[in-house]
Amino acid sequence: MCERTKKAVNVGLIGVGTIGTGVVKVFQQNQKVMEKKLGFPLKLKWVCDLDLERDRGVDLSSYNRTTDYLHILEDPEVDIVVELIGGIHPAKEIIIEAFEKKKHVVTANKALLAEEGEEVFKRAEENGVDLGFEASVAGGIPIIKVLKESLCSNNILSIHGIINGTANYILTKMEEEDMSFEDALKKAQERGYAEADPTLDIEGVDAAHKAAILATLAFGSIFSLKDVYTEGISHIKYADVLFAKELGYRIKLLSIIKKKRQEVELRVHPTLIPVTSSLAGVRGAYNALSILGDVVGHVMLYGMGAGMMPTASAVVADIMDIARDIAKGTSNRVPLLAHKKLEEVSLKPISEIQSKYYLRFSALDKPGVLSKISGILAKYEISIESVIQKGRKENGYVPIVMTTHEALEASMKKAIEEIDCLDIIGAPTTLIRIENNLIF
Ligand code: HSE
């Protein structure tokens, strides 16, 4: 063992919220085994939080404690700074200041990387330091390392992911406990999955942040939140869950990341997937990702995508990875984004995608209604695969559910716009895309 490897690698933690507390717990539970695996000491030296008095259920007394992150950045013994305060500011400034002081950084901050990643990655490179971000996508599931290292001999062709546990929990409860979206959301909040303001989770933004990071790693070009077509689940009705079931599907908030030739599809939206697929079997707050590589074929990863200990597991894995490099006197052994720019790729606008669709019309129950709807679909070259109409309502509207064969999104949008103007239609039509080609 060389001299450097006998010295401790020192860590400073900024942000002792849920995940930060989990990181402290990992150090307290597993430090011995971690050090055995590393072959040198790894020390949590500092903890920083604006409120150090709050009872977190962990004893912080053996660490240097501060409310000022500069104490950590200015300590020459600190090798790795762990940023777990979240949000874009001041997290970005803290991280960049750490880089400038030649400290490596580990973060779980998906919003920062998806919205300001280009600058953050560039500043890490300029300073010759490493940035670990395994915990930014899918909590405890090691998807970042898999894309950067394990599958590095592959061209990644597609990733299909359930990467928002809150939305998956809500959709699961709606189906399994016959609940409305609103009741399932309330339950998710009671269980601590959904925040008091659940917008980021239910409107798909959290999943879109993660999808942008995954596409960046998969396709060799930097993608950001604005590149991701995003729809949430708040408009999904219990009736849609039931109709989907009748048709042999389950509704999931799916992140779809695909490349064909040089064109990338990057989208997050509710999706009907075959009930027989493994992704359809992902229940509750679990996450899963199905990755297709041109060499390996399909790989599926499954696990807890959020929560204190699963996310802390990912944070500490990054700390240990970087500590190994420090001990060997190297850094950035694996390029930050797994590649220097691989190739020029372009983003396919959502209007140009081809998909199968589930449509739920709210229409008057009288003769000629179906032919009016199908006439407009035919005009836009949309071919119907199946139709369900159930129940009769006197003087009222009934749901008519159709599935279509593959059609161009732009044509589908025009057709729906026209159908929704018909006087036989009582409410905006619900459109959900169908993804049938899942191996898992
Ligand atoms: N709010 C996220 C989820 C976890 O529900 O999956 C943090 O990324």
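Predicted model: local features only at pLDDT ≥ 70, side-chain atom pairs only at ≥ 80, totals over all residues.
**Entry 1: salt bridges**

I looked up the total and found 28 salt bridges in the structure. I then went through several of them one at a time.

I began with K187 and E177, whose closest N and O atoms are 3.1 Å apart. K187 sits in helix α8, residues 181–190, while E177 is in the loop that runs between α7 (165–176) and α8. The pair therefore ties together parts that lie 10 residues apart in sequence. I checked accessibility next: K187 has 24% and is partly exposed, and E177 has 34% and is partly exposed as well.

I turned to D240 and R360, which form a salt bridge with an N to O distance of 2.5 Å. I noted that this pair links distant parts of the chain, 120 residues apart. D240 belongs to helix α11 (residues 238–246) and R360 to strand β14 (residues 354–364). Both D240 and R360 are buried.

I also looked at R267 and E265, where the N to O distance in the salt bridge is 2.7 Å. R267 has a relative accessible area of 2%, which is under 20%, so I put it down as buried. E265 comes to 11% and is buried by the 20% cut-off too.

**Entry 2: the cavity**

I searched for cavities of 30 Å³ or more and the count came to 1. I recorded a volume of about 40 Å³ for the largest cavity.

I listed the residues that line the largest cavity: L113, F121, F133, I213, T216, F223 and L337. Two elements give two or more residues to this lining, namely α5 (110–126) and α10 (205–219). I sorted the lining by type and got 6 nonpolar residues, 1 polar residue and no charged ones.

**Entry 3: aromatic pairs**

I searched the whole structure for aromatic pairs and found 3. I wrote up two of them, including the pair of Y169 and Y193, which is tilted. The ring centres of Y169 and Y193 are 4.6 Å apart, with 50 degrees between the planes. Y169 is in helix α7 and Y193 in the loop between α8 and α9 (199–202), so the pair ties together parts 24 residues apart in sequence. Y169, at 4% relative accessibility, is buried, whereas Y193, at 30%, is partly exposed.

I then took Y286 and Y302, a stacked pair with 5.0 Å from centre to centre and 0 degrees between the planes. Y286 falls in strand β11 (residues 286–293) and Y302 in strand β12 (residues 297–304). This pair therefore ties together parts that are 16 residues apart in sequence. On accessibility, I noted 33% for Y286, which is partly exposed, and 49% for Y302, which counts as partly exposed.

How values were computed
Residues numbered from 1 in each chain as written. Heavy atoms only, no water. Salt bridge = Lys/Arg side-chain N within 4 Å of Asp/Glu carboxyl O. Helix = DSSP H or I, 4+ residues; strand = E, 2+ residues; numbered from the N terminus. Buried < 20%, exposed > 50% of the residue type's maximum accessible area, 1.4 Å probe, protein only. 1 Å grid on protein atoms, 1.4 Å probe; cavity = no way out; pocket = protein on both sides within 12 Å on 5 of 7 lines; lining within 4 Å. Points joined across faces, edges and corners; volume = space filled by probe spheres on them. Nonpolar A, V, L, I, M, F, W, Y, C, P; charged D, E, K, R; others polar. Phe/Tyr/Trp six-rings, centres within 6.5 Å; stacked < 30°, edge-to-face > 60°.
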